[in-house]
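Please keep the sequence and the structure in view while reading.

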Amino acid sequence: MSAAPLAARVWQQGRYETLAMLRNGEQLVLMLVLPLIAIIGLTVTPFLDGLGASRIDIAAPGVLALCTLSVGFTGQGIATGFDRRYGVLRFLSTTPLGRAGLIAGKVIAVLVVFALQVVVIGGVALALGWRPSLPGALLGLVLLALGAAVFTALGLLIAGTARPEATLAVTNLVWILFGAFGGIALPSTRLPSQIAGIVAFLPSGALGDAARAAFLHGALDIPAAVVLVAWGAVAGLAAVRWFKWN
Amino acid sequence: MLRTGTPCLEIEGLIHDVGPIAAEAGRMKRVLAGVDLAAYPGQVTVLLGVNGAGKTTTLECAQGLRRRTGGTIRLLGEDPQTANAELRSRVGVMLQDGGLPPSARPLALLQHVAGMYRNPLPVADLAERLGLHEFAGTTIRRLSGGQKQRVALAAALVGRPDVVFLDEPSAGLDPQSRQVVFDLIADLRAQGLGIILTTHLLDDAERLADWVAILDRGHIVAEGTVAELLGTETTTARRLTLRAPAALDLAEAFSGTEPVSISETPAGHYTIDGELSTAHLAALARWLDARRIMPSSLELGRRSLEDVFLDIAEASAQEELAGTGRKSA
């Protein structure tokens, strides 16, 4: 027995990946600074007026959903794309960690960073007057974790099939497009009518809708959850099928 | 060289196809066309070949990084393609491009990799041995090629492997690092590790190898100990090289001795091959003395591995040419 136990290997990798994300300046901007700007922006502007009791009630679930897009899709997409370019994925997969351990480490890193985002962004939202119900918040957090998994699968799919420069460009562009027009932070009712109909079928719109239904009403938005699970299944299978390690 | 007992790596009939290649009408390209190779514990097995011969592909199949198209591979008795963590913990890998994250610092990275093993080598000792302390605080991105190589070697060794794969370990090394790395490889060999390394540098192979396999266009075209490949055990062939003024008629000097072959490329660089004896040396010295010609250098040696390699590569290329000629006829 010369390999460290499985749990120790995965935890080691998760910790390493988490620190790598937190030490990267651009990643921090993406994961914390931009969502902070979004939540403050949406509470001091009238974009969300008339949708709920207060602006922050609508803004907070959407911005938390945006956080999962930051960490899972853009953050892990870029990090994995460059790790692949530099052969880091190949090297680590020859150690006892292996490919499955490598993926598990990334999932841990995404969840830990997301937990940090929930503390920081959620804390700011509470300070701005957000008061979600406990059952709604629990359901919402489960759905957000599901969203993080879906976006991570999508990020890995792109990172594993495109050049890292292309991954960088695509994941940043998609972050902006989804963030502005994807129904994630701004509900589809506030979007131009031409796109309002399709955003419910995007992972961004589905997660935004599901998170708002949970945090606002303690309700499970079943169509949105189904769309989200479908995206996750397709992206996960596609990533397993097409991800190139070298 | 004793090649008995249980090999730590056994490759039989390894075939690897890549593609489909768009530029070749969507055909598959055969990179490895039936490679056979065995490596033993306590020996350095060198896979030698020019760039593109298939060295890295062979290693990647043996490491389980690539799915093979055909053939069998046993690494420490198991199929690397379905390697579990236990098998991976006994195999160290140094990739050609390093595989190191550019933003990491060497010792922190080694500490991280060490965490994957139950009983790793102390990172500080390994760093000391490979001289990593001098740049311990620098990110890998800023290291020189040779420094990165040393970090990658340390990462391959930190788990106390039984077998190590080193893909071009001396690439980019300055002479001093090269000595450090070669000494370390010799130590690992003495400790009983099976070492499989690739190189396109014949000098490396001559200095390190217990067994050399020459790979050319996906085939092993020759293998043996360095002495066997050089033929030094079976022949007394020697080579005399000298530098002197151009266009000397050296054939005249050897007119009274056993026949030799003489070539002059480039001008003023003479190579004399044959079953050379003291009579040849005396004849040459007399001839030069009579003409008051002092060579700027004069060296007696054997054929080098490079000569063997070039002969084999040429023969193999001609065979291929003859083969394609037949096909198109």
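On a 1 Å grid over the protein atoms alone, a cavity is a set of points where a 1.4 Å probe fits but cannot get out, and lining residues have an atom within 4 Å of a point. Grid points are joined across faces, edges and corners, and a volume is the space filled by probe spheres set on the points. The model is predicted: local features need pLDDT of at least 70, side-chain atom pairs count only at pLDDT 80 or more, and totals for chains, interfaces and linings use all residues. Residues are numbered from 1 along each chain as its sequence is written, chains are lettered from A in the order in which they are written, and side-chain values use heavy atoms, with hydrogens and water left out.

**Cavities**

The rule gives three cavities of 30 Å³ or more. The largest cavity holds about 70 Å³ of space. Its lining includes A:T94, B:Q63, B:L75 and B:R88. Helix 2 (85-89) and strand 5 (91-94) of chain B each contribute at least two lining residues; helices (H or I, at least four residues) and strands (E, at least two) are DSSP runs, numbered from the N terminus. The lining comprises six nonpolar, two polar and one charged residue. Here Ala, Val, Leu, Ile, Met, Phe, Trp, Tyr, Cys and Pro count as nonpolar, Asp, Glu, Lys and Arg as charged, and the others, Gly among them, as polar.

**The interface**

Contact (heavy atoms within 4.5 Å) involves 27 residues from chain B and 22 residues from chain A. The buried area between chain B and chain A is about 2400 Å², and carbon and sulfur atoms give 57% of that area. Buried area is the accessible area (1.4 Å probe) that two parts lose on being put together, summed over both. B:H112, B:M116 and B:R118 supply 29% of the area that chain B buries against chain A, more than any other three residues.

Two salt bridges (a side-chain nitrogen of Lys or Arg within 4 Å of a carboxyl oxygen of Asp or Glu) link chain B and chain A. In one of them, A:R90 pairs with B:D97, with the closest N and O atoms 2.9 Å apart.

**Backbone geometry**

Most residues other than glycine have a negative phi, and most peptide bonds are trans.

| Cis peptide bond | Omega |
|---|---|
| B:G19 to B:P20 | about 5 degrees |
| B:T265 to B:P266 | near -15 degrees |

B:P20 is found in strand 1 (residues 9-21) of chain B.

Notes
On a 1 Å grid over the protein atoms alone, a cavity is a set of points where a 1.4 Å probe fits but cannot get out, and a pocket is an open set with protein on both sides within 12 Å along at least five of seven lines; lining residues have an atom within 4 Å of a point.
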